[in-house]
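This report describes a single protein chain for a reader who is new to structural analysis. Please keep the sequence and the 3D view at hand while reading.

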Amino acid sequence: MNTLELSSCPVNSHNEWDPLEEVIIGSLNGAMFPSWNVINYATVPPNEWAEAAKKLGGEGKAYPKWIVEPALKELAEFIHILEAEGVKIRYIDPASNHFNTPFGTPDWKVETGFCAANPRDPFMIIGNEILETPMADRCRYFEAWSYRKLFKEYFKAGAKWTAAPKPQLLDDLYDWNYTVPKPDEPIRFMVNEFEPVFDAADFVRCGRDIFCQTSNVTNHFGIEWLQRHLGDKYKVHTLVSRCPEAIHIDTTFMPLAPGKVLANPKYLDFNKLPSILKKWDLLIAPDNPPPTKHDPLKLVSEWAGINVLMLDEERVIVEKNQEPLIKAFKSWGFKPITCSFEAYYPFLGSFHCATLDIRRRGELKSYF
């Protein structure tokens, strides 16, 4: 393989706002509603998970058509918007999805996987590098297989391709006596520091500075692994979420443009943010977000509206029902593009989750 110049590499993304040119889009093919697992003890109240499973015909079942078809319709609308705005869409190989197959390791077994609806969760793009992350959820252990055909193509075209240490996910990683902390107790999460684990969706990129949070799927061990892997060229900053159900930062803290970040007033203590952010404008998301109208399972955060996708420093794709946030974006000088997407929520993601931005037109910079 000939060595290609960085400028000719199809993988190039350093932040959340440079002009978007190419994305991998989520797929609902073969999606399974997984069985209750230990991560759910912290992220979803048991009665809510059981109620959702009842609506779908039980745990470990394929999502029914009445859930999938509305989501596919809204996904098609989202894709149409992206293509109309000049973004190239890449799709995974549907034949690679085997989420209905039981799998395990010598130490544990699950009856099904989940789906490939949210490529932002397992993968992080840092410059020209594709990084597969060590996810803490057992049912997502082999999710990366659905993307291998694309990743091999990108690698042959000059991209770096790295996988973090595959976690064992032994029982030792999880707090089996976990209880949700009371309001006057310190925040604690389901995973401990047994081994490095993290989801890519617990990180957002601002050039040489990357912001993250600890959560029920991301521990300090995982954050330290990433910092050492990236080296001195990058600085990883850890935020502290006030949400005991925390799982993924993109409902809490979303960089929009140089010097501007959308922040969740409920999950963040603005007095305890990294000092480096004092130079940036905190754009506070409107309190009391509107309830979802077209999500029958209601398992995603009420703050899913923050899960927006920037097409550049001005254009932002926002869920159509988020009227207060849309109004706020306009007042802040952005150009919101609305799209219905609540029917996608049963697959536990929104616009940012449902895409992996492979290429944005820009270069590595420091914004602080």
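## Basis of the model

This is a predicted model, in which local features need pLDDT of at least 70 and side-chain atom pairs count only at pLDDT 80 or more, while totals for chains, interfaces and linings use all residues. Residues are numbered from 1 along each chain as its sequence is written, and side-chain values use heavy atoms, with hydrogens and water left out.

## The chain as a whole

The protein chain contains 6 helices and 19 strands; these are DSSP runs numbered from the N terminus, with helices (H or I) of at least four residues and strands (E) of at least two. Its radius of gyration, taken over C-alpha atoms, is 19 Å, close to the 21 Å that the globule rule gives for 368 residues, so the chain is as compact as a globular protein of that length. The rule is 2.2 Å times the number of residues to the power 0.38. Along the principal axes, the C-alpha trace spans about 50 × 45 × 40 Å.

Of the 368 residues, 58% count as buried. Buried means under 20% relative accessible area, exposed means over 50%, and partly exposed lies in between, with a 1.4 Å probe and protein chains only. Among contacts (heavy atoms within 4.5 Å) between residues at least 6 apart in sequence, 74% join residues at least 24 apart.

## Helix α4

Helix α4 comprises residues 148-156, and its residues Leu150, Phe151 and Tyr154 are buried. They lie on the same side of α4 because they cover an arc of only 95° around the axis; the arc is that of the directions from the helix axis to the C-beta atoms. In general, an α-helix has 3.6 residues a turn, so residues three or four places apart point the same way.

Lys149 and Lys156, on the other side of α4, are exposed. The cover over the buried residues of α4 includes strands β1 (20-25), β9 (160-163) and β19 (355-360). Glycine 158, which follows α4, has a positive phi near 120°.

## Two residues with positive phi

Most residues other than glycine have a negative phi. Leucine 169, however, has a positive phi of about 55°. This leucine 169 is placed in the loop between β9 and β10 (203-206), and it counts as buried because its relative accessibility is 0%.

Histidine 248 also has a positive phi, near 95°. The loop between β12 (235-239) and β13 (253-257) holds histidine 248, which counts as buried at 8% relative accessibility.
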